[in-house]
Amino acid sequence: MARHRRKNEYGEMAMPISAMIDITFLLIIFFVVTAAMDKEVEDEAIILSKAPHGKPLAKKDPRGIVINVRKTGEININAVEKTMSEITASLTVAALKWGNDMPIIIRGDKDVQHYHIKKVMEAITKTGLYKIRFDALIE
Amino acid sequence: MAGKKRRKFALKEGEMPLSAMIDVVFQLLIYFVVTQKPIIENTLLTVDLPAPGGKPKDKPITLFTIDVNRIKQNPKEDLDIYYVNGIKWNFQDLRAQLVRTAQIDPKQTLIISCGPSAKHQKLIQLLDACTEAGLTSINVVNDDTLQFIPDPGTKSK
């Protein structure tokens, strides 16, 4: 069955693009809405442990500080490597500003040894903070 | 072919030049498709640290002290082996025991003592089991009596 394409008034072959543009706009709106623009800098080198029974995050506490602990024991905040004294200083400032009940989120690699996590926990205790949250993945 | 001329279309009155906009729209679409990441759901497992110098309001009644990586000489300990009050437990049995404990008293305080050589995954696995059971009062303490045996290629200090 031979189908004839519509010819425009100039005699050229024309494609009906209005439907395609509609779909394209819908796709863009979808991606714009679902793109997480406010997402913090995450350390991509860290492979999180799985905790399938953990509750999904409904709302994040904006006061929370995320401390990344890599498999090798390197510790960083927002992808900037820090020494333990720098971390203690940052936490002290944060505790003064936001109060001692602010949560500290530890993003530890699944294969990091607890010794490195312990160092972070000790720094947190020193500053008087006591709420620790371990980041994990729900499968 | 070089001599072939493209015919120029004159826009009618009131018509908008759409081709540039479509180009931009497609570029935006490609950008978003490429930068889109799969949605990964995270969870935060909460533990409390004792406040320095503070006295506990109520003395917790502790039945459990779970040791993670208790063995001193074997850093490559099985991920499924824990020690409860000094007795070796398989993870599956421990999980069932935690559920039973939570059924009796969900406010039961649990102390998790973690050795320095233990993998973080092992601690998270245990915390997840506590969450599954419904236990909320969990303290993680560091076992300083055990020697730290660093994995090859990791920081030793």
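Helices (H or I, at least four residues) and strands (E, at least two) are DSSP runs, numbered from the N terminus. With that in hand, read chain B along its sequence: the pattern is α-β-β-β-β-α-β-α-β. Chain A reads α-β-β-β-α-β-α-β.

This is a predicted model, in which local features need pLDDT of at least 70, side-chain atom pairs count only at pLDDT 80 or more, and totals for chains, interfaces and linings use all residues. Residues are numbered from 1 along each chain as its sequence is written, while chains are lettered from A and ligands numbered from 1 in the order in which they are written.

**The two chains**

Two terms come first. A residue is buried if 20 or more other C-beta atoms lie within 10 Å of its own, exposed if 12 or fewer, and partly exposed in between, with C-beta atoms placed from the backbone. Two residues are in contact if their C-beta atoms, placed from the backbone in the same way, lie within 7 Å.

**One exposed residue**

A58(A) sits in the loop between helix 1 and strand 1 (65-69) of chain A. Is A58(A) buried or exposed? It counts as exposed, because it has 5 C-beta neighbours inside 10 Å. A58(A) and D109(A) are 51 residues apart in sequence, and their C-alpha atoms are 23 Å apart in space.

**Where the chains meet**

The contact between the chains takes 43 residues from chain A and 42 residues from chain B. On the side of chain A, the elements that give two or more residues are helix 1 (18-34), strand 4 (104-108), helix 3 (114-126) and strand 5 (131-137). Helix 3 of chain A supplies the largest share, 8 residues. By type, this side of chain A has 23 nonpolar, 12 polar and 8 charged residues. Here Ala, Val, Leu, Ile, Met, Phe, Trp, Tyr, Cys and Pro count as nonpolar, Asp, Glu, Lys and Arg as charged, and the others, Gly among them, as polar.

Strands also join the chains. Two strands pair if DSSP finds at least two bridges between them. Strand 5 of chain A pairs with strand 1 (residues 42-48) of chain B in the antiparallel sense, over 7 bridges. R133(A) stands opposite T46(B) of that chain B strand.

**The core**

A nonpolar core is a set of buried Ala, Val, Leu, Ile, Met, Phe, Trp, Tyr and Cys residues joined through C-beta atoms within 7 Å. The largest one has 42 residues, and V120(A), I112(B), L126(B), L127(B) and C130(B) touch the most other members. Its largest share, 7 residues, comes from helix 3 (residues 120-133) of chain B. Beyond its neighbours within four places in sequence, C130(B) is in contact with L98(B), L110(B), L135(B) and I138(B).

**Two packed helices**

Helix 2 (residues 91-104) and helix 3 of chain B pack at an angle of about 35 degrees, with axes 8 Å apart. Axes are lines fitted to C-alpha atoms, for helices over the stretch in contact, and angles run from 0 to 180 degrees between N-to-C directions. Helix 3 of chain B brings Q125(B), A129(B), C130(B) and A133(B) to this contact, and among the residues from helix 2 of chain B is L98(B). The contact divides into 8 nonpolar, 2 polar and 1 charged residues.
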